[in-house]
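The sequence and structure are shown below.

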Amino acid sequence: MTRSWNRPRKRRYEHTGAVVLNQVRLGQAPISLRRLRWRHIGLWAVVVLMVAAGAVVAWLTWDSRFYVYDAEVVGTRQLSSADLFAASGLDGLHILWARPASIRARLLGEFPSLESVDVSCGFPSDCRISVVERQPRVLWNDQGQQWWVDEDGAIFEAEDGAGAPDRDMAGRWLVRGPLPRSEDGSLDQRVRVALAELWASGADVPAEFEYRTDRGLSFTDRHGWRVVVGQGSGMDQRLRTLEPLMDHLESRGATPLFVDVRFPKAPYYSEGID
């Protein structure tokens, strides 16, 4: 009877042990040691990278070689390179904060006599400012206030580069009268076209003009007569009309106060009061 009683208990023990051993296999850890090792290596790599990045940032921040204290300025004719550099805002600026587009906009706003500006910067602190200055064609005297006007109609103060008003006028014209501006601040389109056509015609006209809002441009010819040519397109036709009319008046011995060819098909002159 003793043997028959011990057998069931032994079988129950073996069955229970088999269940436990099936849940966790012998010789295998719950987490792979290889995976854990790679986690530690990755963590240390991140720490090393962060330390290295911090060292680079500290180096870039504190090393004076990365701060701009001078720049190469090319293309200047009348403007001062020192003035351009000072206005650029580069002096003492870290190279990482140099924004060429912002510097370009700042210089164009500060110096209307500049036609174009190109800015380039590179490590450690090398910057280059290349400019093209406007070439004025007309000195406009508006009641004592003098302005330069270039071929594109851009207007800027005569003191802003391009030479002094009382010198270097070769190839440039002088206009006296109220300065007409368009909405964008440039020279009025009709006056700009008139001057451009007069330049292109190559006509032998004086280099000094008078401007009035009611009749446009006029000049005094070799006879001392005031010739009104107006504004807008059609200057070639007006000048062609002027030549025979002047010959006719000269043959008659007339001394007109002014000759008006603004309307080529109906030119007229006056010997009365202007």
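## Strands 7 and 8

In this predicted model, strand 7 pairs with strand 8 (residues 155-157) in the antiparallel sense, over three bridges. Within this pairing, Val149 has Ile155 of strand 8 as its bridge partner.

The two strands form a hairpin in which four residues separate strand 7 from strand 8. Gly153, located in that turn, has a positive phi of about 90 degrees.

## Strands 6 and 7

Strand 7 (residues 145-150) also pairs with strand 6 (residues 136-142), again in the antiparallel sense, over six bridges. Here Trp140 has Trp147 in strand 7 as its bridge partner.

Strand 6 and strand 7 form a hairpin with two residues between them. Gln143 lies in this turn and has a positive phi of about 55 degrees.

## A nonpolar surface patch

A nonpolar patch on the surface is formed by Leu96, Trp97 and Phe123, which together have about 380 Å² of accessible area. Leu96 belongs to the loop between strand 3 (93-94) and helix 4 (100-110).

## Confidence

The protein chain has a mean pLDDT of 82, and 76% of its residues reach 70 or more. Over residues 13-24, however, pLDDT stays under 50, and the model has one contact beyond four places in sequence for this segment. Where pLDDT is low, the predicted coordinates should not be read in detail.

Note on methods:
Residues numbered from 1 in each chain as written. Predicted model: local features only at pLDDT ≥ 70, side-chain atom pairs only at ≥ 80, totals over all residues. Heavy atoms only, no water. Patch = residues over 30% accessible without salt bridge, like charges linked within 9 Å, V, L, I, M, F, W, Y side chains within 5 Å. Areas by Shrake-Rupley, 256 points an atom, 1.4 Å probe, with all protein chains shown as cover. Salt bridge = Lys/Arg side-chain N within 4 Å of Asp/Glu carboxyl O. pLDDT = per-residue confidence, 0-100. Contact = heavy atoms within 4.5 Å. Pairing = 2+ DSSP bridges.
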